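Have a look before reading on.

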Amino acid sequence: MSVRVRRVYEPPEPDDGVRVLVDRLWPRGLAKDAAHIDEWPKGLTPSTELRRWYHADEGAFEEFRERYEAELTAPEAAEPLERVRELAGRGTVTLLTASRQPELSHAEVLARLLAE
């Protein structure tokens, strides 16, 4: 299973495999046809409340990670999570985010969870 994280603004690469946008909002300034997105499972994205809390610099990444992992146990996340797991079982999946620091984003949390 190969899951990787990249910024959605980076040009697509041939070894990206299935490109999955994991942001709730469409990335600013990015044309849909230029993004080369294969899947956009909004059920896997952090809730608006959690996203706002984290981006308001109120919390640390570890607490954000714990809260996001808890959200991923909700019934509405089960089907999209299983779908991405299935895709990753067949080949490379690239999780895409607009975050300036992908290593401190929900995409990295999701990638670690999928790798387990």
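This is a predicted model: local features need pLDDT of at least 70, side-chain atom pairs count only at pLDDT 80 or more; totals for chains, interfaces and linings use all residues.

Q: What makes the buried residues of helix 2 line one face of the helix?
A: Start with who they are: in helix 2, residues 48-55, the buried ones are Leu50, Trp53 and Tyr54. Looking down the helix axis, these residues fall within an arc of 95 degrees, so they line one face.

Q: Which residues are exposed on the other side of helix 2?
A: Those are Arg52 and His55. Exposed takes over 50% relative accessible area, whereas buried takes under 20%.

Q: What do the buried residues of helix 2 pack against?
A: They pack against helix 3, which spans 61-71. Just after helix 2, aspartate 57 has a positive phi of about 60 degrees.

Q: Why is helix 3 called oblique to helix 5?
A: The axes of helix 3 and helix 5 (residues 106-115) come within 10 Å and cross at roughly 60 degrees. Roughly parallel needs an angle under 35 degrees and roughly perpendicular starts at 65, so an angle between those limits counts as oblique. That makes helix 3 oblique to helix 5. As for handedness, this crossing of helix 3 and helix 5 is right-handed.

Q: Which residues make the contact of helix 3 and helix 5?
A: Helix 3 brings Phe61, Phe64, Arg65, Tyr68 and Glu69, while helix 5 brings His106, Val109, Leu110 and Arg112.

Q: How do the residues of the contact of helix 3 with helix 5 divide?
A: Into five nonpolar, one polar and three charged. Tyr counts as nonpolar in this scheme.

Notes
Residues are numbered from 1 along each chain as its sequence is written. Side-chain values use heavy atoms; hydrogens and water are left out. Buried means under 20% relative accessible area, exposed over 50%, partly exposed in between (1.4 Å probe, protein chains only). Helices (H or I, at least four residues) and strands (E, at least two) are DSSP runs, numbered from the N terminus. The arc is that of the directions from the helix axis to the C-beta atoms. Contact means heavy atoms within 4.5 Å. Axes are lines fitted to C-alpha atoms, for helices over the stretch in contact, and angles run from 0 to 180 degrees between N-to-C directions. Angles under 35 degrees count as roughly parallel, over 145 as roughly antiparallel, 65 to 115 as roughly perpendicular and the rest as oblique. A crossing is left-handed if the near helix is turned anticlockwise from the far one by less than a right angle, and right-handed if clockwise.
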